[in-house]
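Have the coordinates open while you read.

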Amino acid sequence: MQPKSDSKIIVALDFNDLQDAKALVEQLDPELCKLKVGKEMFTLFGPEWVKYLVEKGFKVFLDLKFHDIPTTVAKAVAAAAELGVWMVNVHASGGDKMMQAAREALQPYGENRPLLIGVTVLTSMDEAQFSKLGFQRDIDSQVYALAKLAHSAGLDGVVCSAQEATKLSGIDDKFLLVTPGIRPIGADVGDQSRVMTPKRALEAGASYLVIGRPITQAANPLKTLCDISESIAID
Ligand SMILES: O=C(O)c1cc(=O)[nH]c(=O)n1[C@@H]1O[C@H](COP(=O)(O)O)[C@@H](O)[C@H]1O
């Protein structure tokens, strides 16, 4: 089943209980949102969980942030493609050879290949934490440099915070900006640092909004998702 619309919201399914996750998924529809499976659920429930969501017709972002030698990452993204996922990511800081190897590994999948996205600087990172890593640049410049590297390696886009989206929009119209750290007004920021509201993120140039806890921990997740969708709908 092919999803009928191109929702910009990717719901991050970060659950440790499969029944809780399934209960939420049962309320959702591929027209309303895409779904992200990350390290917690993949480690607990494996590829079967991913296939379950793909078979339900959802576009699935497999967020395992691969970061390894080129051969290993290339094989890992090909394994993701075999699962039928829509999007997969690698750390851009793995370097251009690693990203090129990943891109080449997806070539045989043609038009059905997953979108390949490079993670720049995690949205939980602020300048105080970043300064301890020993880079010469500030976060903004590091995100831009990694995005340029990902673009020239042939990736489809990057994960960045919406705070960097305006600057990155200039790289290439078609280069996707996938932005976590999205918080509706009044929502708990939690461990995120570089945050923005859904509407402002899209105005800044974000292509997709990754939203987890503000939806999954809400008293009524479906209503919260619909409210956010409405808040970003074009007038
Ligand atoms: O690659 C990601 O999806 C990601 C990158 C990043 O820099 N920051 C980030 O928060 N994420 C993921 O996006 C989701 C955000 O979830 P919430 O903070 O609950 O909205 C989590 O599943 C994170 O693993």
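## Around one leucine, then the barrel

Leu106 sits in helix α4. A quick note on names: helices (H or I, at least four residues) and strands (E, at least two) are DSSP runs, numbered from the N terminus. This is a predicted model, so local features need pLDDT of at least 70 and side-chain atom pairs count only at pLDDT 80 or more, while totals for chains, interfaces and linings use all residues. Residue numbers start from 1 along each chain as its sequence is written.

Is Leu106 buried or exposed? Leu106 counts as buried because it has 21 C-beta neighbours inside 10 Å. The cut-offs: 20 or more other C-beta atoms within 10 Å of a residue's own makes it buried, 12 or fewer makes it exposed, and in between is partly exposed, with C-beta atoms placed from the backbone. Leaving out residues up to four places away in sequence, Leu106 touches Val77, Ala78, Ala81, Arg113, Pro114 and Leu116; contact here means C-beta atoms, placed from the backbone, within 7 Å. From Leu106 to Lys75 it's 31 residues in sequence and 9.4 Å in space, C-alpha to C-alpha.

Now for the helix pair. Two packed helices are described by the angle between their axes and the distance between the axes. Helix α3 (residues 70-82) packs on helix α4 (residues 96-106) at an angle of about 35°, and their axes are 8 Å apart. Axes are lines fitted to C-alpha atoms, for helices over the stretch in contact, and angles run from 0 to 180 degrees between N-to-C directions. The α3/α4 crossing is right-handed, the near helix being turned clockwise from the far one by less than a right angle. On the α3 side the contact includes Val73, Val77 and Ala81, and on the α4 side Met98, Ala101 and Leu106 are among the residues involved. By type, the contact residues split into 11 nonpolar, one polar and three charged. (Ala, Val, Leu, Ile, Met, Phe, Trp, Tyr, Cys and Pro count as nonpolar, Asp, Glu, Lys and Arg as charged, and the others, Gly among them, as polar.)

On to the barrel: eight strands close up in the order β1-β2-β3-β4-β5-β6-β7-β8, with parallel pairing. Neighbouring strands of this sheet are turned by 25° against each other on average, direction ignored. Strands pair if DSSP finds at least two bridges between them. Some of the pairs:

| Strand pair | Bridges | Sense |
|---|---|---|
| β1 (residues 9-12) and β8 | three | parallel |
| β1 and β2 (residues 34-37) | three | parallel |
| β6 (residues 157-159) and β7 | three | parallel |
| β7 (residues 176-179) and β8 | two | parallel |

Val11 has Ile211 as its bridge partner in β8 and stands opposite Leu35 in β2. Val178 is the partner of Val159 and also of Tyr208 in β8. Along β8, Tyr208 and Val210 point one way, Leu209 and Ile211 the other, and all are buried.

Lys65, in strand β3, has a phi near 40°, a positive value in a residue other than glycine. Lys65 counts as partly exposed because it has 17 C-beta neighbours inside 10 Å.

Finally, the ligand. Which residues come closest to the ligand? Of the 19 that surround it, Ala12, Thr123, Pro180, Gly212 and Arg213 are the closest, where near means a C-beta atom, placed from the backbone, within 6 Å. At least two shell residues each come from β3 (60-66), β8 (208-211) and α9 (213-216). The shell divides into eight nonpolar, seven polar and four charged residues.

Terms used: Contact = placed C-beta atoms within 7 Å.
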